[in-house]
Amino acid sequence: MKLGTKYIHAGTEPDPSTGAIMTPIYQTSTYVQEAPGVNKGFEYARSQNPTRKALEDAYAQIENGKFGLAFGSGVAATDAVIKLLSPGDEVIAANDMYGGTYRLFTKVFAKYGIRFTYVNTSNLAEVEKAISKQTRLLWIETPTNPLMNITDIAAVAAIAKKNSVWLCVDNTFASPYLQNPLDLGADIVMHSATKYLGGHSDVIQGCLVMNDADLREQLYFIQKSCGAVPGPMDCFLVLRGIKTLHLRMQRHCENGEKVAHFLRNHPKVGRVYWCGFEDHPGYAVASKQMRGFGGMMSFTLKDDSVDNAKRVLSSTRVFALAESLGGVESLINHPASMTHASIPREERIKNGLSDSLIRLSVGVEDAEDLIEDLNRAIG
Ligand SMILES: *Cc1c(COP(=O)(O)O)cnc(C)c1O
């Protein structure tokens, strides 16, 4: 089945009691049992909910996995993966990733005795060298946020297999439309569904998708025991969002390409980070593992002062100054003071994330308007 057909039909069957084509929002906390222990597969809504079940099936299908699990946010999904581990276990993670993931690892889990080592995962030798006897999990993000670095998923999956450790890929930036990590050998795919899957900036949610039944059991146990589950209304919104994922992503990719080239040719723009440029260091790997290059990019200005960056950030009219990404509307963001403020400045600079870097989430408006807006703001 082709992607568009799959996204429109994934997880959704006509409602058995009415034939409703859209999965109803089952706004209930519990289910009446016929006799003690005799039920229709639903007992209590923290453990099971029909709207959530439809969405979890959809998650599995769109990532070519067997099992999907929905969580109250992307970070709640990440939290569940780390709860597979025990004190003394070690995680090798990317040194250039979502700030909230870094914060969860360093500020919450490190104090429970789980060790985190950060490496440049684009460099396979560094990943291999960092693995020790205690390593249980490799955590990567590709393309990374916000510098658009690319990691070879198949190659890291091979390293993970060889060392009997799990590989989890945060696939939020690419979305399942552009990249499917399970097909490349990953054990778990994580998404912040808040972004491209929801697609309309109206919901917070996360998910995990996997193939291994035992891993699914462990993660389902954590999901119901810790309770970070999304409500049925939020599940309905993401189910609806997934139906147009292919249409939105096509336009994100087209607009992304136009905006990236506009920026690169602008005399006042310094570097542009977009993985669709042939001279981008990750271009060959990105072309191999992705179906397109998306609408996420970052850039610096030739006048590299923070004040100049702040001036541009405050002068766009179509691009809204906000955190988050992946919605239909274009957003502009200052990683150093917004999305990545939780990473210490020293760490940020070391990883190439300068104080004047500007990140764009290019939306699905008309490209001409987006370019005109940036042109006016850059001045
Ligand atoms: C937003 C985001 C997260 C966290 O997801 P929430 O839904 O905000 O909890 C994780 N990873 C990436 C790449 C993100 O962009």
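Two strands are taken to pair if DSSP finds at least two bridges between them. In this predicted model, strand E11 (residues 331-333) and strand E12 (residues 358-361) run antiparallel and are joined by three bridges. Within this pair, Leu331 stands opposite Ser361 of E12. Strands E11 and E12 belong to an open sheet of five strands with mixed pairing, in the order E8-E9-E12-E11-E10. Strand E8 (269-273) and strand E10 (320-321) stand at the edges; each has a single partner strand, so one side of each is left without a neighbour in the sheet. Helix H10 (residues 245-264) packs on this sheet and touches E8, strand E9 (296-301) and E12. The direction of H10 makes about 10° with that of E9.

The protein chain is divided into domain 1 (3-242) and domain 2 (245-378). The C-alpha centres of domain 1 and domain 2 lie 26 Å apart. At the boundary, 42 residues of domain 1 are in contact with 43 residues of domain 2.

A second open sheet is built from seven strands, arranged in the order E1-E7-E6-E5-E4-E2-E3, and its pairing is also mixed. Its edge strands are strand E1 (67-71) and strand E3 (115-119), each of which pairs on one side only. Strand E5 (residues 166-170) and strand E6 (residues 188-192) pair in the parallel sense over three bridges. Cys168 has Ile188, in E6, as its bridge partner. Helix H4 (residues 99-109) packs on this sheet, where it touches strand E2 (90-94), E3 and strand E4 (135-141). The direction of H4 makes about 145° with that of E3.

The largest pocket contains about 360 Å³ of space. It is lined by 26 residues, of which Val75, Tyr98, Gly100, Ser192 and Lys195 are the closest to its centre. Helix H3 (74-82), H4 and E6 each supply at least two residues of this lining. By class, the lining of the largest pocket comprises eight nonpolar, 12 polar and six charged residues. Because domain 1 (3-242) and domain 2 (245-378) both give residues to the lining, the largest pocket lies between them.

The second largest pocket has a volume of about 290 Å³. Its lining is formed by 15 residues, and those closest to its centre are Asp15, Pro16, Thr23, Tyr26 and Pro50. Seven nonpolar, four polar and four charged residues make up the lining of the second largest pocket.

Cavities of 30 Å³ or more number four. The largest cavity has a volume of about 60 Å³. Its lining consists of Ala94, Asn95, Asp96, Met97, Tyr102, Tyr118, Ile343, Glu347 and Asn351. Among these lining residues, five are nonpolar, two polar and two charged. Both domain 1 (3-242) and domain 2 (245-378) give residues to this lining, so the largest cavity lies between them.

The second largest cavity has a volume of about 50 Å³. It is lined by Asn95, Asp96, Met97, His340, Ile343, Glu347, Arg348, Asn351 and Leu353. Three nonpolar, three polar and three charged residues are found in this lining. Domain 1 (3-242) and domain 2 (245-378) each contribute at least three residues to the lining of the second largest cavity.

A cis peptide bond joins Thr142 and Pro143, with omega about -5°. Pro143 is found in the loop between E4 and helix H6 (153-162). A cis peptide bond also joins Asn145 and Pro146, and here omega is about 10°. Pro146 likewise is found in the loop between E4 and H6. Asn64, a residue other than glycine, has a positive phi, near 55°. Asn64 lies in the loop between helix H2 (50-62) and E1.

Methods: Residues are numbered from 1 along each chain as its sequence is written. This is a predicted model: local features need pLDDT of at least 70, side-chain atom pairs count only at pLDDT 80 or more; totals for chains, interfaces and linings use all residues. Side-chain values use heavy atoms; hydrogens and water are left out. Helices (H or I, at least four residues) and strands (E, at least two) are DSSP runs, numbered from the N terminus. Contact means heavy atoms within 4.5 Å. Axes are lines fitted to C-alpha atoms, for helices over the stretch in contact, and angles run from 0 to 180 degrees between N-to-C directions. On a 1 Å grid over the protein atoms alone, a cavity is a set of points where a 1.4 Å probe fits but cannot get out, and a pocket is an open set with protein on both sides within 12 Å along at least five of seven lines; lining residues have an atom within 4 Å of a point. Grid points are joined across faces, edges and corners, and a volume is the space filled by probe spheres set on the points. Ala, Val, Leu, Ile, Met, Phe, Trp, Tyr, Cys and Pro count as nonpolar, Asp, Glu, Lys and Arg as charged, and the others, Gly among them, as polar. Domain bounds come from an automatic or database domain assignment.
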